[in-house]
Amino acid sequence: MPHPRFAIISAVYNVSSYLPEYFASLDAQTYPHDRIRVVLVNDGSLDGSEALCEEWARLTDIRVEVIHQENAGQAAARNTGIGHLQDEDWVTFTDPDDFLDAAFFTEISKYLESVDDVELVAGHHIDYWEDEPDRGDSHALRFRFASGNRSVDLERYPRNFHMHVASSCLRVDVLRKADLLFDVRVRPVFEDAHLLAKYLLEFDRPVVAFLDTAQYHYRRRGDGSSTMQNAKTDPRRYTDVLEFGTLDLLHHAIERKGRVPDWVQYEVIYDLTWIYRNEDALHGTYRPLSLETCDRYHQLAGAALRMLDPMNIEGYSDVKRTTAQREAMVHGYAEHPWRWDAVVIDGVDEEKGLVKLVYHFTGASPEEEIRVGGRPVEPRHAKTRDFTYLRRTLLHERVLWVPLNGTLSVRLDGQSVPLTSQWPGGAMTAVRPAQVRRMRKQDQRGAANVIEVSRHSKTRKQKLTDGQKKLRRAEMLAVRPPFKKMFRDAWVLMDRSQNAHDNAEHLFRYLRSSRREINAWFVVKKGSPDWDRLRAEGFKRLIPHGSLLWMILCLNATHMISSHIDQYVVEPFARRGGWRWKYVFLQHGVTQADLSRWLNTKTVDLVVTASRDERDSIAGDGSNYIFTTKEVVRTGFPRHDRLVKISRVSDQRSSRKHILLMPTWRAYFSGAVKAGTGERALNPLFFESQFATEWRSLASSQELQGLGDRHAVEIVFMPHPNLEPYLGGFDLPPHVRVVSYAEADVQEMIAGAAVVVTDYSSIAFDAAVAERPVIYFQFDRGDFLSGGHIGRPGYFDYEGFGFGPVVGDVAGVIAEGAEVAEQGFRVPEPYAARTEAVFGGVRGGASKRVVEAIEELRRPLSRRELGTPVPTPPAPPIAYEQ
């Protein structure tokens, strides 16, 4: 078709800041402007978009029709545009916050002249990141354009489905004949995919042209305000989209074709996959959904997934999924229970004489029979881990640590099952040539590969970086007698790379005073305030973080012990063969949220906890963590030993000096982490955040100042260490003393506090240990507890289990502070009783218990111990926000 006529329909709603760039991209089109017609449907904009549309319509040489209507949503606006189509051949629905490459329509027309059977044209949807313009295309389905311009029959190649209508061109006559419109109920997403799939179901051979040369620039807004970016916070994403979009499409496919074509199935699988992936994401903005919404989602998702071929769900591989995500979709909604066909040997602890077994299942737990040396045995440690998606457990993982002192066999539900070292992968229903070649290469590991690696090593030897040279030198020195002797059986202790004063330092102090036979060394950045402080106190066993000596120490160490578990701690530098030390996570604070998505990715031999519920939430049956009673101990925190002592001294002296304001940090406004350290870059927008505004307002409050004056206590502002680079910009009044962790003893500050005001920080647990009143200032509760920070809702409910009242504004803090002041700054009930319930049995003596637990890591178990199961506690329930 020579020079086809194109219609562009754009639903315009409050996009005035983007319209000039969009209109400029249309004016720049190299295609004849008289063959393009634009319909702008202003959907009740309130930001001046209407005037901009009218102005451009007057100035451009392209035919433009501007339509104004009350706000009804994008689908309704597009439908209005469809009603105004005229004699055009093709129509597209360009979003007005995006923009087109100048040759967009020229390239489409050129391709259409060369082919006859194309039913849909898909321009190359390229992500344009406002904050990172050079980031480039990262769309999960970009492979469809990797081979250049081409036509694809979806019946033959179903993984090439297309879901983005704004970058597509549809035949106007087909749209009219099928009477297709956007379904206004399908919101906030999937309306594009819903209409496109119904359109393509009109054809016996749904042929899509994927044009790499027709480029569509999809804007990823820097402020995250687009419909797509906010979709996962909208409950309709989990109800209306599935009911009126997904299920309607599946039923429509059966009505039109008598079946659900594979390409429709893959489209549905792709869309649903993102929901399960988001549930497993480390952090990211989402709103906790009501139980009613979650139940409705599972009802609809289950109905949709049961209409699909299980092998298609199992084998779809264009979006990476975890084993659990894939299995939840395949088996989580099935009528009958399911389990793995084999049990995986997932780890061995030679020193303890234990082997780790793992298998997945749905429904009731299988009856287990484990035999070692022909005799039945009970696991030493065992738990059932739950995989919970939108409040429903869809899948379980059984974790067993069993004796390794004889021939091992396992029976499940009375049947013998194979033991394997291979974790099951998704079955592939179709294999591409490149995949076959990769599979062959994996199977042909042998001499050829050894030669290839050797050659690669020689190449690298000629091009060593400074870091590689330093590592090579460290490796050579580490095996020499002086260093082998100095660091034999060394324990490496560190808090952060640039500061200390946490559990690792307090444990190090205990080791140097009470267990000097243990070869303990402390690591911190040379020249930091904590380095200078520890040096001044006479500590000689300090190693500068990042130094050559630090690398030599790490290469010889048998234990790495830290209050932090960031990557730069657990893997300080690349080491051939990995790390052979035992990793001990002392924790920075008591775990309140569900951090399983983060901690499960770490290799940890010991997790130190302080409270009963905290321990049970990690090691207990039904939790989301991979860890068992083998890895998790309740000893209390080393830093609490000193805190209890100095708090008692402060009480004896009646020394309550200040109201202590201690906000924690937020993942959603923190700058990027500097590689290889715990330091963060500054965020230029920090002081515009609600966080900075609210805490500044509280600290500067005249009412708070008056409260302090009446009771002879000062106001002290001491935020989380990650916030210290911003301290100078808070611009607080002179009566507020600003203190950093680097210059003050945090425990002395807590011990001397009349009351501690924090938000979500685990520092409240320290205040409780010190028996200091706590007030929780939670003005951004919705954002913080809904995924804006690391972690998801955990067992800890601030109102039900916290150590003080929860308030949402400055006035509330003042009122609660005045009340506790009238009571002599004593911890009121029920908060005093809660403290005893949480810390009973571990207040004092924690350092000694931690060292004993670390030493236990390498002690072999006796035959009697191997045969004695350690009881598994139940995990406390999740405290979901409603």
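Which backbone oxygen lies 3.2 Å from a polar atom of the side chain of Ser623? The backbone oxygen of Ile618 does.

This is a predicted model, where local features need pLDDT of at least 70, side-chain atom pairs count only at pLDDT 80 or more, and totals for chains, interfaces and linings use all residues. Residues are numbered from 1 along each chain as its sequence is written, and side-chain values use heavy atoms, with hydrogens and water left out.

Start with Ser623. It lies in the loop between helix H22 (612-619) and strand S25 (632-634). Helices (H or I, at least four residues) and strands (E, at least two) are DSSP runs, numbered from the N terminus. Ser623 has 4% relative accessibility, so it counts as buried (under 20% relative accessible area, with a 1.4 Å probe and protein chains only). Leave aside residues up to four places away in sequence. Ser623 then touches Lys383, Thr384, Arg385, Asp386, Ser617, Ile618 and Ala875 (heavy atoms within 4.5 Å). Ala214 is 409 residues from Ser623 in sequence and 49 Å from it in space, C-alpha to C-alpha.

Now turn to a pair of helices. The axes of H9 (residues 262-280) and H10 (residues 291-305) come within 12 Å and cross at roughly 140°. Axes are lines fitted to C-alpha atoms, for helices over the stretch in contact, and angles run from 0 to 180 degrees between N-to-C directions. Leu272, Ile275 and Tyr276 of H9 meet Tyr297, Ala301 and Leu305 of H10 in the contact.

Methods. Buried means under 20% relative accessible area, exposed over 50%, partly exposed in between (1.4 Å probe, protein chains only). A polar contact is a pair of N or O atoms within 3.5 Å; within protein, one must be able to donate a hydrogen and the other to accept it, and residues adjacent in sequence count only if both atoms are side-chain atoms.
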